[in-house]
Amino acid sequence: MRIEGILDRIHDYHPQADVEPLMRAYVFAAKAHKGQERISGEPYLSHPLEVAGILTELRLDTGTVAAGLLHDVVEDTHSTLTEIEDLFGGEIAGVVDGVTKLSRIPFSTREEAQAENIRKMILAMSKDIRVILVKLADRLHNMRTLDPLPENKRRLIARETLDIYAPLAHRLGISWIKAELEDLALRHLDPQAYAELSTLIARKRKEREGDIAGVIRLLETKLSEVDVKAQITGRPKHFYSIYKKMREQKKAFDEIYDLTAVRVITSSLKDCYGTLGVIHTLWKPISHRFKDFIAVPKSNGYQSLHTTVIGPKGDPVEIQIRTKEMHRVAEEGIAAHWKYKEGKSGIDPSDRSFVWLRQLMEWQRDLKDSKEFLETLRVDLFPDEVYVFTPRGDVRQFPKGATPVDFAFAIHTDVGLRCVGAKISGRLVPLRTELQNGDIVEIVTSPNHVPSKDWLKIVKTPRARSKIRQWIKNEERARSISLGRDLLDKEIRRLGKSPKLLLRAEAVAMALERYGFGTEDDLFAAVGYGKVSPRQAVGRLLPPEEFQALTDAEESREKKGERKPSRPRPAEEGVRIRGLDDILVRFSKCCTPVPGDEIIGFITRGRGVSVHTVDCPNAVSLMADPERQIAVSWDGRRKEPHQVKIRVEIGKDRPGLLAEITAAISSTNTNITQADIRVTEERVGVNNFVLEVSDLKQLQATMQAIQKVDGVVGVERVKSL
């Protein structure tokens, strides 16, 4: 790509464009990148020129194209953002700054960091959508020239492209960039499959081209008879869509018939539906494969009629029908909405293409946890959409698998919270019913009803999930405040004091300051959750000398046998909880942690602290509520026995094998508390043992000793008892 070609393209779609800033940007970029080379050995300037060329294919304004020429100068040369702003103005500098910040995101880091960085990318998009358009052009050219990089780096970039950038291009409606990014990513992620597809498609396409040409000729003839002017072409499906279809539907290549779709571009909306009628009189339509995206556009603005018919030779043929303007939007997406007004360029924020981005911004504000936001983004970037109607006839769009609960929260948060049932097309249905295209959904509410935790298992939309979690969190806090107040009240009375006097404002203020809590409710909630014991809270409410006197008096009574000790004895020993020693602790049976495992603690109401291994599935789900987490660590001074289960796989049973396994276990001073021995008729089997070990090191030594026994083919730890 040369600068002259870029200028020619701009003049084609915007003859009055002022290209002087663009020429200055080219000269500045050429000087800044002088002497620099890409890994391929090409002059570095070739990259920003190609990026600018891609932006002209999107028919963007000269400011955006100039930003494309300058997008790497701040990151890769000695030029500064201040220079860019002085020479080219704040608008171009803002786009360059946004792209520079995105380029510095290290996507190969941990998932949490990646999630936070993607959040920053969405924020950059919201400020100026042109940032992501330049970034997509940059990524597309980098993917086109990926070959010189080492394989591991190519795979990393290709995976990131497939996971984030191709779906973003789809969401912004830029279909040709999405298709090319997916095909290029596939070439590096599964080169063998890509090569095989290339050969198979080339061979089969020759056979199909004749058939498609026949369909096009017949359709042109019939449309001219009814005076419909249309441009009809065959559109080959891109490699990745065929690859994905084969993988998801478990089909062989020979079972994929719609390698080529027929596209009909008409002059008017009326002709679109007229063409559909002609097609359905010529060939039998497959009813479940018809979609009217004109009446109900996709969330990225895409409009078209899709129908699949049984072609002349009995094979399915996919046909798309749209107007010229719909086709432009389908190819260019959000870039097709760029407007030139009084010399300024921009997108109208009220445009429907911005609905998704505004929605995403709302979610990123609601979802404080970055990993949850990333999951939300992944769900929303790969939509298989369902369109349903409200009783008034308004269309609502949901991801596939959404339920009436999702619909209720989409109408209003209060409707969702009070939802007790739903009617679909006038029939009462369970709330877990999946919505289908064309459903008319009506929500039944009750003022006294509240959400259920089980709803989190059936909802699909981020809005519904976030509102349900928020309600549950608030409700749990309210219950914890009430419980904490009761527990503290009882403890104060047990010590012979008056709750009314002890909970006076100045005493509470002192306790809040000592604990670092903001309000009285925070203190009560901490007691209710179990983060602070009632006894500790009383110790903060009373002067130290008075509390000590009460404690001494209580111990004196206990020695005389007047009462049993009231301090809760930990159910499990061997862990420390932020230096506290009077909190009830129990080890979860879902993962049976032993000393040496990485552990995490969670507050449970009325049952103290439950300790899980960090990779326990239950722990992962509990992490959604950070307020319940508490730092725990193993107490190295204690050597308490811990029960753990192991599974021993036997290749072929023989006399004495069980005795050798138990002897191996005993050789490491490990005790067996339970054994489940099962051997099949073929003399193979699986033995489960529950052992008592002091730490992970002893467990590993025991498993290694068992592995050495002749006939044992595998030993693994089973996390749950």
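I began at the start of α4, where a side-chain oxygen of Asp61 comes within 3.1 Å of the backbone nitrogen of Gly63. I count a polar contact as a pair of N or O atoms within 3.5 Å; within protein, one must be able to donate a hydrogen and the other to accept it, and residues adjacent in sequence count only if both atoms are side-chain atoms.

The model is predicted: local features need pLDDT of at least 70, side-chain atom pairs count only at pLDDT 80 or more, and totals for chains, interfaces and linings use all residues. Residues are numbered from 1 along each chain as its sequence is written, and side-chain values use heavy atoms, with hydrogens and water left out.

I then checked burial along α4 (residues 62-70). Nine of the nine residues are buried, so α4 is largely enclosed by the rest of the structure. Buried means under 20% relative accessible area, exposed over 50%, partly exposed in between (1.4 Å probe, protein chains only). Val65 is among the buried residues of α4.

Thr56 sits in helix α3 (residues 46-57). Helices are DSSP runs (H or I, at least four residues), numbered from the N terminus. Thr56 counts as buried because its relative accessibility is 3%. A polar atom of the Thr56 side chain lies 2.5 Å from the backbone oxygen of Gly53.

Last, I looked up Leu658 in helix α27 (residues 657-666). At 35% relative accessibility, Leu658 counts as partly exposed.

Key. Helix = DSSP H or I, 4+ residues; strand = E, 2+ residues; numbered from the N terminus.
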